[in-house]
Amino acid sequence: MSLQMITVSNNIALIQPGFSLMNFDGQVFFFGQKGWPKRSCPTGVFHFDVKHNHLKLKPALFSKDSCYLPPLRYPATCIFRSSLESEKHQYIIHGGKTPNNELSDKIYVMSIAGKNSKKVTFRCTEKDLVGDVPEARYGHSIDVVYSRGKSIGVLFGGRSYIPSSQRTTEKWNSVADCLPHVFLVDFEFGCSTSYILPELQDGLSFHVSIARNDTIYILGGHSLANNTRPANLYRIKVDLPLGSPAVNCTVLPGGISVSSAILTQTNNDEFVIVGGYQLENQKRMVCNIVSLEDNKIEIREMETPDWTPDLKHSKIWFGSNMGNGTVLLGIPGDNKQATSDAFYFYMLKCAEDNVNEDQKTLTNSQTSTEDPGDSTPFEDSEEFCFSAEAYSFDGDDEFDTYNEDDEEDESETGYWITCCPTCDVDINTWVPFYSTELNKPAMIYCSHGDGHWVHAQCMDLAEDTLIHLSEGSNKYYCNEHVKIARALQTPKRVLPLKKPPLKSLHKKGSGKIFTPAKKSFLRRLFD
């Protein structure tokens with residue numbers, strides 16, 4: 001194992017606890033920044049370019065037919081292949097927190113739509129679920145199992161906000177463990193089924209999950225109700241016959257007590273568990289090798305890397321799996337110095353550099369890391385001691401200087417969508433329409449249903465109306481849905497008809513001067 005400190009050349013403040021990394025053909029991509037994306041990178045997905053221990057974030061593109069992917073933190077992610085033999089893969093993303101601390105219950109599928117020497121273009125699609133739909137949550141896991149030539153997703157654990165009926169002003173953002181149900185999710189047909197297994201008694205979050213063929217192993221995790229990290233080791237086996245799936249769970253000995261650990265795969269049969277917490281506010285500095293062979297699992301300690309003093313003494317750490325046996329670790333910077341970075345980062349290589357793509361990901365763990373608040377007794381302060389707000393998007397940050405090398409490819413982003421049947425925003429002919437636009441069309445959010453983005457110009461919005469709707473929390477409905485939501489619209493003000501005032505006729509001597517024509521008309525009128 002080798003540990004190297006890496007420097008970040010730009011936008012280091014984007015990398016906050018709860019981010020996720022995706023590995024496509026050896027290229028690593030980052031998403032999950034704490035704030036909403038800006039126009040300079042509306043997708044919020046970045047190429048994680050590491051060369052000579054130097055990291056640079058480069059914006060990634062979305063195809064025109066992509067949906068919007070919010071910057072979710074602490075989601076569950078996994079790799080999905082159409083079959084075990086398939087070389088191409090996609091990433092499944094479920095749940096997570098938005099920058100407004102709202103929880104998502106949506107499933108997104110990320111795949112590569114195209115790439116060249118400079119840029120990679122992603123396609124992001126949203127999957128609608130029916131049946132037993134898992135509630136919005138974070139800190140959970142999702143994996144894919146393969147049985148009898150078929151595949152299915154398995155979702156487990158996590159945390160969610162307490163029910164609205166129990167929420168008070170003091171406990172509005174309080175969270176609770178999700179019920180220990182196991183969900184089978186069919187990604188092709190969008191069906192979800194919930195299973196109650198008697199062996200799973202407690203809801204767990206920030207656990208480690210390892211999937212292999214038709215089996216998933218659940219290790220460790222944190223129970224918020226008991227504030228414990230039990231040494232769990234569960235084996236969940238899924239059989240996919242022609243009829244209904246069969247799910248069974250077995251409790252195995254030899255588990256470990258850990259939460260928020262990072263899992264990386266070093267070869268076909270071996271994984272390494274790095275980081276995490278073993279007690280409240282106490283990091284787990286031991287690394288473990290997990291070996292899977294003949295439906296058996298063996299967990300043993302391995303020689304730890306030479307941790308630096310900063311890593312040893314830091315109260316919290318976080319990170320994600322980069323693939324190919326490599327893990328990115330982050331610790332808070334020294335806030336005592338005015339010029340210190342928000343976080344410092346290290347790259348831990350658990351395998352040799354010659355690990356190839358075929359040795360990589362048959363399985364996945366939950367790459368999300370635990371909230372700093374989840375490792376402390378502070379209930380509602382997830383960024384309790386390191387104010388990320390100070391490094392967010394205000395002030396003279398570098399966020400608007402991303403595309404210094406790839407300015408020519410800025411045209412294809414999430415803004416270039418067909419927002420309605422009459423949408424005429426063309427990537428090749430678009431010119432600014434509103435004075436508030438810089439280099440992208442202005443968009444506005446339609447409040448109907450789950451909501452969607454539309455171009456303000458296609459909706460024939462006046463600029464003052466656009467500004468008014470953007471500044472407040474007003475609901476807006478696009479041309480397609482305004483009739484459906486007409487009951488919520490304020491009736492247009494009808495101005496009263498203007499009646500011409502009656503002109504008073506002035507008598508002689510009133511000071512009114514009449515022309516000869518008017519005098520003649522008045523004489524005939526009164527005679």
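Modeller: What follows is an account of the annotated sites, then of the core and the pocket beside them.

The model is a predicted one, in which local features need pLDDT of at least 70 and side-chain atom pairs count only at pLDDT 80 or more, while totals for chains, interfaces and linings use all residues. Residues are numbered from 1 along each chain as its sequence is written, and side-chain values use heavy atoms, leaving out hydrogens and water.

The protein chain contains three helices and 32 strands; helices (H or I, at least four residues) and strands (E, at least two) are DSSP runs, numbered from the N terminus. Of its 527 residues, 50% are buried, where buried means under 20% relative accessible area, exposed over 50% and partly exposed in between, with a 1.4 Å probe and protein chains only.

The first topic is the annotation. In an unreviewed entry, UniProt gives "binding site" for Cys419, Cys423, His455 and Cys458. UniProt positions are given in the numbering used here, with feature names shortened, and annotations may be inferred rather than shown by experiment. These four residues span 40 residues in sequence, yet no two of their C-alpha atoms are more than 8.1 Å apart, so they gather at one spot.

His455 is found in strand 32 and counts as buried, because its relative accessibility is 0%. Cys458 lies in the loop between strand 32 and helix 2 and is buried, with a relative accessible area of 8%.

Cys446 is found in strand 31 and is buried at 0% relative accessibility. Leaving aside neighbours within four places in sequence, Cys446 is in contact with residues including His452, Cys478 and His481. His481 lies in the loop between helix 2 and helix 3 (516-526) and is buried, at 16% relative accessible area.

The next topic is the core. The largest nonpolar core has 23 residues, and Cys419, Val454, Cys458 and Met459 are among those with the most contacts inside it. Such a core is a set of buried Ala, Val, Leu, Ile, Met, Phe, Trp, Tyr and Cys residues joined through side-chain atoms within 4.5 Å. Strand 31 supplies the largest share of this core, three residues.

The largest pocket holds about 1,700 Å³ of space. A pocket is an open set of points on a 1 Å grid over the protein atoms alone, where a 1.4 Å probe fits, with protein on both sides within 12 Å along at least five of seven lines; lining residues have an atom within 4 Å of a point. Its volume is the space filled by probe spheres set on the points, which are joined across faces, edges and corners. Of the 49 lining residues, those closest to the centre are Trp36, Tyr68, Tyr445, His452 and Trp453. Helix 2 gives the most to this lining, with four residues.

Definitions and conventions:
Contact = heavy atoms within 4.5 Å.
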